[in-house]
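Open the model in your viewer and switch to a cartoon view. The tour goes from a pairing to the whole sheet, then to a single residue.

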Amino acid sequence: MDKMIFACEEHVDMAIDDYVNEFEEAPEVLKEEIEQCRYCQLKAAYVIRRPEEFC
Ligand SMILES: [Zn+2]
């Protein structure tokens, strides 16, 4: 399963909280405008994901 949440500008804080709650670790946040926000219909501005060094 990919540890990855997409979020728009407005929902990026919520996405980080959800990531920490779901995966119990700190994510990295990158600019990534390829997906839809998990929390609304807008295009995502960020991806909140597991840091590369732990892959
Ligand atoms: Zn949103």
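**A bridge to begin with**

Select Val29 and look across to S3: the bridge partner there is Ile48. Keep in mind that the model is predicted.

**The S2–S3 pairing**

Now widen the selection to S2 and to strand S3, residues 46–49. The two pair in the antiparallel sense, over four bridges.

**The whole sheet**

Three strands now make up an open sheet, ordered S1-S3-S2, with antiparallel pairing. Which strands sit at the edges? They are strand S1 (4–7) and strand S2 (28–31), each of which pairs on one side only. Turn the view to follow the twist, which averages 25° from one strand to the next.

**The helix across it**

Select residues 12–23 next. This is helix H1, and it lies across S1, S2 and S3. Compare its direction with that of S1: H1 runs at about 165° to S1.

**Stop at Glu28**

Go back to S2 and pick Glu28, which lies in that strand. Show what surrounds Glu28. Setting aside neighbours within four places in sequence, Glu28 is in contact with Arg49 and Pro51. Then draw a distance from Glu28 to Ile16, twelve residues away along the chain. Their C-alpha atoms are separated by 8.8 Å.

Why does Glu28 count as partly exposed? Glu28 has 13 C-beta neighbours inside 10 Å, so it counts as partly exposed. The exposed class stops at 12 or fewer, and the buried class starts at 20 or more.

Definitions and conventions. Residues are numbered from 1 along each chain as its sequence is written. This is a predicted model: local features need pLDDT of at least 70, side-chain atom pairs count only at pLDDT 80 or more; totals for chains, interfaces and linings use all residues. Two strands pair if DSSP finds at least two bridges between them. Axes are lines fitted to C-alpha atoms, for helices over the stretch in contact, and angles run from 0 to 180 degrees between N-to-C directions. Two residues are in contact if their C-beta atoms, placed from the backbone, lie within 7 Å.
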